[in-house]
Amino acid sequence: MAFSTSDASDAAVRAVRADSPRGVAASFALRFVRNRTALFSLALLFWVTLACFAGPWWLGRDPAQSDWASLSLPPTLQGGHWFGTDELGRDLLVRTLMGGRVSLEVGLLGTLAACLIGVAYGACAGYFGGRIDAVMMRIVDLMYAIPYMLIAILMMTLFGRAFYLVVLTISAFSWLDMARVVRGQTLSLRTREFIDAAKAIGASGPAIVIRHIVPNLIGVVVVYATVMAPGIVLTESVLSFLGLGVQEPMTSWGVLIEDGAQKLEAMPWLLLCPAAMLCGTLYCVGFVGDGLRDALDPKER
């Protein structure tokens, strides 16, 4: 069967469109949408985030307000206390949503800070190589040897349990894995032809890192950030469970879980409700990360 010239030209146009930025983005979106689990997890994560930030305002309740007629009330559809109340009559649903707001903010800010530090550090180490790479990665190895939890406990004890200090403490060590991942990707990118072309036209090292290396790492960084974010949220919850997280009047899922663990036999809903929200959110982020990884996999294109 013979092909005409117009058929060949149409095929060429389709190939160019598929390799264009718009075609790549459309192909990525299509592959992600086909992953029903990741799509459902993304939608559920959106509604959880919306509920945490807008829910307390919509319910019109103060998380510190006590309902003296409903002390230690189990979950019920009557009286508006869907998650029940604690021993002081405070609505657990509102407190869980407020705690989720703090936990999500810590996870988002901590992940953003870790990504910025890790990408800059790893890209510079991988591109410049040699002694610079050796020294920078030995610093990373040295920081791996530092007991992270001991440093966190020390900082919280000396400087208090302020929100910004919790984020700073978590971010101070969370960027190490990101730096290693980015360095490995940069080592493979620096031998590509477009890097040689940039050097040929006189581009400086920092310019090549910023304009050519980092943009080609976005896919890897986004996928790994979805893996790192649940760990940061869980770390904040562990610190709060140990009494080293945020302090009143602020609350978080970790604080609520720690409070519920102390009253597990008498009021199990104080533990089950925030723990279910925490676990559900972490699972959703993990499934979204798996969907992004599969959608960005070159073998699937």
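1. Contact here means heavy atoms within 4.5 Å. Among contacts in the protein chain between residues at least 6 apart in sequence, 69% join residues at least 24 apart.

2. This is a predicted model, in which local features need pLDDT of at least 70 and side-chain atom pairs count only at pLDDT 80 or more, while totals for chains, interfaces and linings use all residues. Residues are numbered from 1 along each chain as its sequence is written, and side-chain values use heavy atoms, with hydrogens and water left out.

3. On secondary structure, the protein chain has 12 helices and zero strands. Helices (H or I, at least four residues) and strands (E, at least two) are DSSP runs, numbered from the N terminus. In sequence order the pattern reads α-α-α-α-α-α-α-α-α-α-α-α.

4. On burial, 39% of the 301 residues of the protein chain count as buried. Buried stands for under 20% relative accessible area, exposed for over 50%, and partly exposed for what lies in between (1.4 Å probe, protein chains only).

5. On cavities, a search of the whole structure finds one of 30 Å³ or more. The grid has a 1 Å spacing over the protein atoms alone, and a cavity is a set of points where a 1.4 Å probe fits but cannot get out; lining residues have an atom within 4 Å of a point. The volume of the largest cavity is about 60 Å³, where a volume is the space filled by probe spheres set on the points, and grid points are joined across faces, edges and corners.

6. Which residues line the largest cavity? They are Asp86, Arg90, Leu92, Arg95, Leu256, Asp259, Gly260 and Leu270. Helices α4 (92–128) and α11 (253–262) each supply at least two residues of this lining, and α11 gives the largest share, three residues. By class the lining has three nonpolar, one polar and four charged residues. For these classes, Ala, Val, Leu, Ile, Met, Phe, Trp, Tyr, Cys and Pro count as nonpolar, Asp, Glu, Lys and Arg as charged, and the others, Gly among them, as polar.

7. The structure holds four aromatic pairs. The rings of Phe46 and Trp47 have centres 5.5 Å apart and planes at 70 degrees, so this pair is edge-to-face. Rings of Phe, Tyr and Trp (its six-membered ring) pair if their centres lie within 6.5 Å; planes under 30 degrees apart count as stacked, over 60 as edge-to-face and the rest as tilted. Trp47 is exposed, at 54% relative accessible area. The pair Tyr283 and Phe287 is stacked, because the ring centres are 6.4 Å apart and the planes at 25 degrees.

8. Tyr283 and Phe287 both belong to helix α12 (residues 269–296), and being four residues apart they are separated by about one helical turn. Tyr283 counts as exposed at 56% relative accessibility, whereas Phe287 is partly exposed at 37%.

9. Gln185 sits in helix α7 (residues 163–189) and is partly exposed, with 33% relative accessibility. Leaving aside neighbours within four places in sequence, Gln185 is in contact with Leu217 and Val220. Gln185 and Val220 are 35 residues apart in sequence and 8.4 Å apart in space, C-alpha to C-alpha.

10. How many disulfides are there? The count is zero, a disulfide being a pair of cysteine sulfur atoms within 2.5 Å. Cys115 is buried, at 11% relative accessible area, and Cys284 is buried at 6%.

Methods
1 Å grid on protein atoms, 1.4 Å probe; cavity = no way out; pocket = protein on both sides within 12 Å on 5 of 7 lines; lining within 4 Å.
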